[in-house]
Amino acid sequence: MAAAPRPRRRPTVIVGSVDSSSSSDDEEELEDEEVEDASENGDEDKGKGQSGASLEKVSGKKLSSITISLKKVCKVCKENGHQAGFQGATYIDCPKKPCFLCKMPGHTTMSCPHRVALEHGVVPAPRRNKQTQLDYVFDRQLISQIQKIKPTFIIPDKLDRVVVKFHSRRITSLEFHPTRSSVLLSGDKKGQIGVWDYNKPNEKTIYGSIHSCIVNNMKFDGRNDFMLYTSSSDGTMSYTDLETGIGVLLMDVNPNGWNGPASWRMLYGMDTNLDKGLVLVADNFGYLYLFDIRERVKIGEPILIHRKGSKVVGLHFNPVHPDLLLSSGNDHFAHMWDIRRLESGSSLASLAHGRVVNSAYFSPHTGSKIMTTSQDNRIRVWDSVFGNLISPSREIVHSHDFNRHLTPFRAEWDPKDPSESLAVIGRYISENYNGVALHPIDFIDTSTGHLVAEVIDPDLTTISPVNKLHPRDDILATGSSRSLCIWRPGLEDEEKETERKKEFIFWSADGLGNLHKNAYNLRKNKSDLHGNYRDRDRLRPKRTE
């Protein structure tokens, strides 16, 4: 029996507060219009209006007509005669450049084999680069903590809550509260920090006095879950009370103020190490700063950890071995460090990439894997931090190379996945879904490169570069432009369970129906029999004495 079609459940939409400042940086820039004079042999009177005629009479001079022509200018190579970029949901490649998706010549993005099969070319060979003496330690201490049977992935694929224009500028960072499961924190390009309880949609707060520029990172203090460490492109690191919104300035790397862009330092990467009592931040000149949480002082001088003048965009401590640190930068490298001997050029390993490295993360449970996201449209995975780190175990081609006006895409692990293989990342190249150009959010099995799910909603047509999975619940939070979205698992499993119960009931009715019918008939016959006996006794003549 076919179930009646269920109407599509619409997400709860909450209209957020809108700032007076515009968000023109999120809009695509228009091509410059070229103005040319009309040719001398052309009809000069054609297109000349009444205002032009009156001007001619007043000035006594004959005005030459002006024509405006829009030439096709390629956004990639900046040459005339062709165009490259999105046309609806289709990406048109520049004929002078290789495929925009996989960066290889010989085909276009629409015919790229990686677009059809994400795992195309991926070598699913776990630990194939592991050839060191630490294999025994790796097998005994780390591999034993990973489940042998991979659990079923639960994907939050239904849009449940949306706050439209929650921020006045685009969202740059997200973080879930460590103890209050329904509280989500968000930072934006203007320096604002938002606090939203998505189970109580109207309870939302925005603090706008903590930073004056992009909020690049947010980390909770493990000793006090109401206190938050933040770093910003204004060159400051703050310690903020979420109940009052009052921030304490911990570090300012521009004590002399603005002296031009050549000397202005911005803080990008940040992470906390509670075991060591440290907060580490890195700037756009390649330097790392150490801050003592207990003493509230900066430790020593900045350490050059990436090429001088390059931006350090990410820092991440190993969850099992807190002495190990990963850094990623614009110099096309991700480095692994031992913080017990932090010196320039003393990295334990240098992971080379083709372009800028947007992020580098250890796996969340064992810390034995490394996953990086690079602007060359590659997600790279190393299966063992103790193995050969010269080349990755797998390279997964994925579309996250963007042009401008977007927060960089970062593939992040699912903290609930015990197999340490599921990752989430937004997609740049749009796809055509029933005539609508949408940018999905991809869930990828990093052990095989297989696309597990692509999360979309017809009402969400903007790109979602900032994504954060809940550490305990099956919830995905995304920052799309200025709006916040909450995704939950769909009702497919519940519907299947309901259908199964219906089938069981129908099967029970078919299988046991005859038995129930026979019992009913037996009771009915027995009642009729008793009725006959009663009628017989009633009609029988009574004896007289």
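Reader: Two strands count as paired if DSSP finds at least two bridges between them. Which residue stands opposite Thr478 in strand 34?

Author: Asn467 does. This is a predicted model.

Reader: How many residues sit between strand 33 and strand 34 in the hairpin?

Author: Six.

Reader: And on to strand 35, how many bridges join it to strand 34?

Author: Five, and again the two run antiparallel, with strand 35 covering residues 483-488. Leu476 is placed opposite Trp487 there.

Reader: What does Ser481 do in that hairpin?

Author: Ser481 has a positive phi near 60 degrees, in a hairpin with two residues between the strands.

Reader: Is strand 34 mostly covered or exposed?

Author: Mostly covered: residues 476-480 make up the strand, and five of the five are buried.

Reader: Which residues point which way from strand 34?

Author: Leu476, Thr478 and Ser480 go one way, Ala477 and Gly479 the other, and all are buried. In a regular strand, side chains alternate between the two faces of the sheet.

Reader: Different topic. How many helices and strands are in the protein?

Author: Four helices and 35 strands. Of the 545 residues, 46% are buried.

Reader: Where does the UniProt annotation "repeat: WD" fall?

Author: The unreviewed UniProt entry puts it at residues 164-206 and 350-383. In the model, residues 350-383 are 56% strand and 0% helix, with their end C-alpha atoms 15 Å apart.

Definitions and conventions. Residues are numbered from 1 along each chain as its sequence is written. This is a predicted model: local features need pLDDT of at least 70, side-chain atom pairs count only at pLDDT 80 or more; totals for chains, interfaces and linings use all residues. Side-chain values use heavy atoms; hydrogens and water are left out. Buried means under 20% relative accessible area, exposed over 50%, partly exposed in between (1.4 Å probe, protein chains only). UniProt positions are given in the numbering used here, feature names are shortened, and annotations may be inferred rather than shown by experiment.
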